[in-house]
Amino acid sequence: MKIFKPIFLLFLYLFLSVKAFAFTDPNHIDDFDVSGVETIPTTVKFSPDGKTMFIIGVGSDTLRQYSLSTAFDLSSSPTQVKEKDLSTIEGAPQDIEFNSDGTIVYVIGTENNSIDQWTLSSPYDIGSLEVASSKNENIGGDPRGLKFSNDGKKLFVVHHLGASESTTGRVDEFTLTTPYDINTIIKTNELTLSFAAGGRRQGINFSSDGYKLFITNSAVHHLTPLSSRNLIREFSLNSPFNISNATNNGDFQPNYITNIRLTGLTFNNDGSKMFHTDFTNNDIHEYTLSCGFGVKTCTDPTNDKDDVASAESQSEAAKKLIQHTTYPVLNRMEWLRRNSNRINLTNQNIKFQFSNEILNSLTEELIPLYFSNNNSSDLNQNSNWSFWSEGTISIGKIGDTSNSSSKDINTSAITFGADKRSEDNIMRGIALRFGSDDVDVGDLGSALDMNSFSLTFYESKPRGGDRFTDHLLGLSFINSDLLNNSGSISTDGERYGEQLYGSLSLRDTFSKNKFNFTPKIKINYGITHFGEYTETGAAGLNLKFDDQYIGNFTSSIGASLDNTYELKIGSLIPYFDFEYYADMSPSSQQKFSYESNGSAYTFKNINNATHNIIGGIGFDLISNNGLTLMTKYTRDQAKDSKNDNFVIALDYKDSQKSFYSMSFQDSLAKLSHNKELDNFQINLDSHYELFNKDPEYGLFIKLLSVN
């Protein structure tokens, strides 16, 4: 036990501090003059690859398309390649937008206070735009800019209200019953804008993750000084693309040039560059930003529910890895003691486990079958090495919270083991586990793909009578691929880690006649180290993560009571289980920063402790003709949650080599057939979700060798 003291001291040392911010204002780097073709440009937009640029304005009422040799770079001498005169449809075009694949272009204007749309045969190519085929939706007010959410299910329109130098404006939020279909919009919210300096609310945009809103305020010609009335206001949003509780972060005023008149606003994909049009100078202005979409502040990832969930998923996966690695070995040791009178201790097993704490505690009860050979003989104290394997499929979902998005978790693993009984009746063995965890985070596509290799040494010691102590110690090596998708842009990274873990369990059975009382206690412990890594894929949004240490300490104490009644048709065994399960792991922290400017943050209190009380009651009916019936009702109660579970299962063994089973778990029905044939074991499992409109179902076939 000496090794564990420094390990936990190392974990407790990990209290991480936050660095100072290194935010700087947007840096102007270039201009592109469009005065030769457009005297009043109102917006600029780009295709996703940054190689195509679009300009529109009220000076000529024309939509123009440019090609760039370098993506999102005005210094690469943009060349106009196409144009479309929209004056017969819209005499005052203010802003443009595209749908997700660039096959529809939308133009908003103040002549008719409407949004017009055209279908393009080639994505982001206005050459196929037929002006006469316009389809429009009148939205009223004095619309100046529009923006869709990433999924096209929301539309936002900024309106200028009042006189030309008005101090007020408004953002309207619409929901669309059909994505990107402007004829299905329903107004659901609005945000009032107030600018003390006056001007016109002209442009609108969002960060790629939807947690920031940007509004431009444009000065009119006769107001001076113009620079004080031309600014970009940044808002923080509590949830993506929801303007209900927008917080004003402040204003950025471009003051590098006299008499600027700021209108439309856009960003490159990762927010490392910003572009806006200029009424007065007829220019497109280009800036670099110190962090993604950092006009006034860097986006705080600790407020992003997907980012929080991604950090949580790594910590949760590390803790689950200990459970999923120790379960097969502990199951093996218990099985060895239950079958200690057999020479052939080779067995195969397939288990279903659940990532949810409540369901996880019911793992062994959910599937009553324990697939194994059924060759019995007298005990041989000098038996050779016995080999075993166990496949694991774990499925589960962790719902969203006020701070974190939901997580869908799928785990699959295979464990191979070998053990041998010594002359002092101590079982010793070694196990290898290969596992894969796939975690889908939120709704935007963020994910964790973790692969692990684990090596476990274990032993089971008799302590007299029916008392046993099981202990194991192991080491895991972890390789994770992480995808952080903010909506329209994503970053990815690769992270390596190591894990040291152990488990100690003690059980004893007190029997009187056919009544058994079995108290049980189990402790899992371990520490995981994840190395530092830096994301790639988006210069303005890439994050650099420091090393992280995750401690794990869980314990459970409980007991079971059972009695056997002999009937004419077989044996009836009623039983009662009680267990207190406590996750007492210390909360971990993850320190990280923006690679672009070093602005640092910390995810704190990742995975706080949980406590559960679990009680179960049921009975087994084992008939003489090979039919077994098992039922059980379980209540799992925690501080803020509870779960009721009922299980009924049938098992029929028509021979030593073949048997069938059927079980019902809530609305999930399962049917299994398992057969041994010529040193092979064939497992056929199927399941079907009852009572659901869109039921889940599956069929699994597995072939195993039997020694």
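Predicted model: local features only at pLDDT ≥ 70, side-chain atom pairs only at ≥ 80, totals over all residues.
User: Why is His 276 called buried?

Analyst: Buried means under 20% relative accessible area, exposed over 50%, and partly exposed in between, using a 1.4 Å probe and protein chains only. His 276 has 0% relative accessibility, so it counts as buried. His 276 belongs to strand β19 (residues 273-278); a strand is a DSSP run of E of at least two residues, and a helix is a run of H or I of at least four, numbered from the N terminus.

User: Which residues are in contact with His 276, leaving aside neighbours within four places in sequence?

Analyst: Contact means heavy atoms within 4.5 Å. Among the residues that meet this definition for His 276 are Val 44, Pro 254, Tyr 256, Asp 283 and Tyr 287.

User: What makes the pairing of the side chains of His 276 and Tyr 287 a polar contact?

Analyst: A polar contact is a pair of N or O atoms within 3.5 Å; within protein, one must be able to donate a hydrogen and the other to accept it, and residues adjacent in sequence count only if both atoms are side-chain atoms. The two side chains make such a contact at 2.7 Å.

User: What makes a set of residues a nonpolar core, and which members of the largest one touch the most others?

Analyst: A nonpolar core is a set of buried Ala, Val, Leu, Ile, Met, Phe, Trp, Tyr and Cys residues joined through side-chain atoms within 4.5 Å. The largest has 25 residues, and Leu 448, Met 450, Phe 592, Tyr 594 and Phe 603 touch the most other members. Its largest share, 6 residues, comes from α2. Apart from it lies another core of 15 residues, including Leu 191 and Phe 241.

User: How many residues of the lining of the largest cavity are nonpolar, polar and charged?

Analyst: Ala, Val, Leu, Ile, Met, Phe, Trp, Tyr, Cys and Pro count as nonpolar, Asp, Glu, Lys and Arg as charged, and the others, Gly among them, as polar. By this division, the lining holds 7 nonpolar, 8 polar and 6 charged residues.

Technical notes
Residues numbered from 1 in each chain as written. Heavy atoms only, no water.
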